[in-house]
Amino acid sequence: MTQPKWFTDGFPHIWLPYSQMKTALPPLAAKSTQGCTITLADGRELVDGIASWWTACHGYNHPHVSQAIKDQVDVMPHVMFGGLNHEPALKLAKRLSDMLPGDLNRVFYVDSGSVSVEVAMKMSIQYWINKGQKGRSKFVSFKDGYHGDTLGCMSIADPEEGMHHVFNDVLFDQFVVDVPRSQNQLKEFDTFLAKHKGEIAAVITEPLVQGAGGMKMFSPDVLKSMCDTARKHDILFIVDEIFTGFGRTGTMFAIDQADIVPDIICLSKALSAGMLPLACAVARDHIFEAFLSDSFDDALQHGPTYMANPLACAAANASLDLFDKEPRLEQVQQINRKLRNALTPMQSIKGVRDIRILGAIGVVQVWDIKDSNWLKERFIEEGVWLRPFRDIIYMTPAFTISDDELDKLTGAMARVLTQWSKL
């Protein structure tokens with residue numbers, strides 16, 4: 001396709017994410033978005049099945065969120081958060097604290113999910129230092145896990161199956177174990193924590209769904225057992241709800257299904273409705289109180305330049321308005337039913353290994369992805385935006401997607417997978 005001048009002029013100067021640029025397909029030139037549609041510069045339209053990396057929970061350009069950003073930009077687009085506060089940030093912090101279970105009351109703002117995890121890790125290590133327990137600096141994470149691309153986050157990813165294994169020689173040494181899905185594995189997890197608790201700052205997990213690690217799922221009972229076992233050994237418990245938070249798994253937060261209160265929760269992505277970068281780590285009262293003393297050294301020494309950006313906080317407040325006023329969780333359940341009806345029959349397609357569905361997440365796992373570029377091109381030809389990775393083809397649509405748009409996505413997936421199975 002003929003590309004616009006801005007594309008041909010600028011593309012030679014871009015380094016793309018998660019891409020081997022020698023062999024990858026060239027990116028598409030996006031011109032505009034609306035609802036669940038991405039319009040390309042050449043006029044083609046794609047139904048977005050992944051909501052821009054799971055962020056656009058209300059669809060693109062929702063007028064309520066857009067208006068909140070427009071109103072805020074005329075008042076105060078940004079101000080430093082050191083020594084100053086502002087209404088959008090404090091209003092959002094109160095709303096998040098009210099929504100989250102237990103005493104998750106202290107919101108520390110950052111501007112990306114990875115940094116929220118880094119801050120949660122930093123909080124955990126310093127928590128023990130401030131309490132006079134040195135040496136508790138390691139983390140327990142889980143195979144198939146992913147928590148971001150910064151150095152600390154890479155160290156708690158799966159060292160073998162994850163995308164960061166080339167850095168294994170330089171990353172911090174952590175404990176990466178199996179998700180304790182069975183009673184035997186839970187006993188092993190219990191024994192492991194008992195043996196190493198003097199070294200461990202916290203256990204960290206993605207609750208219910210391990211997103212970028214391959215959309216691996218486990219039950220609320222497993223999540224509760226993880227949390228209870230960590231508590232038994234006086235180890236902090238962190239949940240990374242960057243992907244799962246704000247309705248994606250069928251409840252506002254995945255932890256709601258396990259009825260647990262983690263020590264720290266990390267939020268991002270759908271927090272600001274996919275409009276602007278925003279993330280946070282929210283800590284329980286006892287975590288925050290461990291940083292209070294007469295010594296400045298006991299304070300949390302962290303402060304991103306754009307933390308609590310007023311535009312992003314305005315977007316997040318507007319997004320929460322929509323969860324209050326519109327039937328988002330009911331829409332998630334409707335998507336879930338349609339995904340079950342449409343994806344389950346694909347189990348019979350040759351080469352399909354597993355079908356997994358939770359909330360507004362639908363996953364088809366295959367034995368061998370074969371040619372991912374072929375799959376990506378075929379989906380574009382079908383007029384849908386789906387991005388297979390590793391051994392899965394998945395969809396995580398906006399909660400506002402129409403029945404016709406969802407039918408187009410699932411129909412395209414069925415047709416393309418049937419053709420793929422004959423390659």
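## The second largest cavity

The second largest cavity is lined by G35, C36, D48, A51, A56, G59, Y60 and A398. On a 1 Å grid over the protein atoms alone, a cavity is a set of points where a 1.4 Å probe fits but cannot get out, and lining residues have an atom within 4 Å of a point. By class, this lining has five nonpolar, two polar and one charged residues. Here Ala, Val, Leu, Ile, Met, Phe, Trp, Tyr, Cys and Pro count as nonpolar, Asp, Glu, Lys and Arg as charged, and the others, Gly among them, as polar. The space in the second largest cavity is about 30 Å³, where a volume is the space filled by probe spheres set on the points, and grid points are joined across faces, edges and corners.

## Basis of the values

This is a predicted model, in which local features need pLDDT of at least 70 and side-chain atom pairs count only at pLDDT 80 or more, while totals for chains, interfaces and linings use all residues. Residues are numbered from 1 along each chain as its sequence is written, and side-chain values use heavy atoms, with hydrogens and water left out.

## The largest cavity

The count is two cavities of 30 Å³ or more. The largest cavity has a volume of about 50 Å³, and its lining consists of G145, Y146, A157, G162, M163, H164, A212, G213 and R390. Four of these lining residues are nonpolar, four are polar and one is charged.

## The second largest pocket

A pocket is an open set of points with protein on both sides within 12 Å along at least five of seven lines. The second largest pocket has a volume of about 550 Å³. Its lining has 20 residues, of which R106, V107, F108, F288 and L300 lie nearest its centre.

At least two lining residues come from each of α4 (87-99), β4 (104-110) and α9 (285-289). Helices (H or I, at least four residues) and strands (E, at least two) are DSSP runs, numbered from the N terminus. Strand β4 gives the most to this lining, with five residues. By class, 16 of the lining residues are nonpolar, three polar and one charged.

Buried means under 20% relative accessible area, exposed over 50%, partly exposed in between (1.4 Å probe, protein chains only). In a regular strand the side chains alternate between the two faces of the sheet.

Two strands pair if DSSP finds at least two bridges between them. Strand β10 (residues 236-240) runs parallel to β11, with three bridges, and I238 has I264 as its bridge partner. Strand β12 (residues 279-284) runs antiparallel to β11, with four bridges, and A283 in β12 stands opposite I264.

S272 lies in the loop between β11 and β12. S272 is buried, with a relative accessible area of 1%. Beyond its neighbours within four places in sequence, S272 is in contact (heavy atoms within 4.5 Å) with L278, A312, A315 and A316.

## Nonpolar cores

A nonpolar core is a set of buried Ala, Val, Leu, Ile, Met, Phe, Trp, Tyr and Cys residues joined through side-chain atoms within 4.5 Å. The largest has 123 residues, of which Y109, F246 and M413 touch the most other members. Helix α5 (residues 113-130) gives the most to this core, with eight residues. Another core lies apart from it and has eight residues, including I69, L311, A315 and L322.

Not counting residues up to four places away in sequence, F246 touches L96, M252, F253, L267, S268, A270, L271, L320, F323 and F399.
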